[in-house]
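Hi there,

Here is the structure I promised to pass on. My notes follow below it.

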Amino acid sequence: MPKYYIINIKVILALILLSSCSLSDLVNKAAIPVDSSNPNEWENKAGAIGLYNGARKALQGQLAMVTTTSILSASSMFTDELGNVFSANNPANFPTTGLSSVDARSVPDWNGALAVLSSTTSGAYSGLQSIRVQAKLAIGYMKKFEHDISRDFFVNAYAIDAYATLMLAEMFCSGVPLSRIHYDGTYVLGNATSYEETLKQALSLTDTALLYRNDSTNFVNFARVLRARIFTSMALYDSAAAASELIPADFKYAITYNDANKNFFQVATNGTWSNITVSDKAGLNGLNYVSSNDPRTSVEQTATGVLFPKKYSKNGVSSIIIASGVEALLYRAEAKLHAGEVNGWLQILNNLRNNGISQVNTINEVGVQDTVWYPGVGANLFKDNIVSITGLRDLTDPGSDSARVSLLFRERAFWLFLTGHRQGDLRRLVRNYHRDENEVYPTGSWGPTGSSSYGLDKNFPVPYLELTRNKNYGGCISRDA
């Protein structure tokens, strides 16, 4: 059995206890004795809710731990959002470390000589699989006490499972195994599941989540946004628009990261900094996140040269929004673009940027008189955030279908900056919009001296350990987008 899957319920309960929160913290009752030989002492409603909260904690940990083994950092380093800080102490000669290989978009399938590179993203992989496992176990146990447990818990658990499955599809090669585990500890090892089939599995989980919908809408809207995201990946744009239609613009599904000793980059707040930084125009195709001076991607430079994203707090407390009404509007905009409704597409983008009411005329950064606008509905993403968003000036129609697609994906990149969406978007540009990878992903020279080059990878391989411990798995089907 791969190490990524936990098949012993007691082990999961023990892990929950070791993860800085006990079951008593989670269910506000006496802790369930994980070492008990009597399963009746922990196979109860409190235990089921404890497992549910364990799944939530697993999601929180994998999103907030921004090292090369987390969901956010692995995907952001691989795209154009984050990169290496090159300095005398960190020359990052290619390819010497896992961090370098991810940043340089060159993460090979298993090769004994390059084990450190191919294993770099195993943490993100095992984390996503662990989220799936814990969500499924929670669902299995909650069903035993279904009439006594809030239906909202089921909606959220299925949606969390769907999210982890979707991220496996977006980040990894076509051919991810989706092993199945049951609440009694039995399991079925998964075969290689294609990109399309993995998306369908995630969609099925959102379908089930919505069957449990109740009066509460927060978890329901999380499932709806995921459905819109999956439909868009499948190029089913009308279905994506329909899935997102009922989601209010101010909806946010946020994971709170709270660690007083570390910041968003998982670096001690005593002044020590990592070699991870926000990128600017990475590899020819990268967006100008920094030099654009756009408030959505604003940064603060540290003494060691790290460009820290202002949208996340340096004191260790941040909210990471992984689904939102703003995201839903962007899917509706994309659907309108595919339907040829250019005016409607542009109107959605501009409604996100401003509310159509100007305050005063002023001189902008290049010395041209400009209108200062009141914020649009996109500002909902930054409420209760340390970054304040003023109104952004209107966009104009660039005049061609290709340019409109580029503008749409640029707006997506800025609104959804560092929230785990960029890798899926770049992959869609290659897969659904038939753009060459070297027009989409960072390319060209890489490294402090420019003597190395970006690789050609568009996703990560499944870690080698899966091959060695899953008798049903034979490796990636394809490394294409």
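At roughly what angle do the axes of α10 and helix α11 cross? The answer is roughly 170°, with the axes coming within 8 Å; angles over 145 degrees count as roughly antiparallel, so α10 is roughly antiparallel to α11. Helices here are DSSP runs (H or I) of at least four residues, and α11 covers residues 237–244.

A word on the source: this is a predicted model, where local features need pLDDT of at least 70 and side-chain atom pairs count only at pLDDT 80 or more, while totals for chains, interfaces and linings use all residues. Residues are numbered from 1 along each chain as its sequence is written, and side-chain values use heavy atoms, with hydrogens and water left out.

Back to the helix pair: the contact (heavy atoms within 4.5 Å) involves R224, R227, A228, F231 and T232 of α10, and Y237, S239, A240, A243 and S244 of α11.

There is also one disulfide (cysteine sulfur atoms within 2.5 Å) in the structure. C173 is joined to C476, S to S 2.1 Å, and the link is left-handed, with -80° about the S-S bond. These cysteines sit 303 residues apart: C173 lies in the loop between α8 and β2, and C476 in the segment after α16.

Finally, the lining of the largest cavity includes R229, T232 and D425. Both α10 (218–233) and α15 (422–431) supply at least two residues of that lining. For reference, a cavity is a set of points on a 1 Å grid over the protein atoms alone where a 1.4 Å probe fits but cannot get out, and lining residues have an atom within 4 Å of a point.

Best wishes

How values were computed. On a 1 Å grid over the protein atoms alone, a cavity is a set of points where a 1.4 Å probe fits but cannot get out, and a pocket is an open set with protein on both sides within 12 Å along at least five of seven lines; lining residues have an atom within 4 Å of a point. Axes are lines fitted to C-alpha atoms, for helices over the stretch in contact, and angles run from 0 to 180 degrees between N-to-C directions. Angles under 35 degrees count as roughly parallel, over 145 as roughly antiparallel, 65 to 115 as roughly perpendicular and the rest as oblique.
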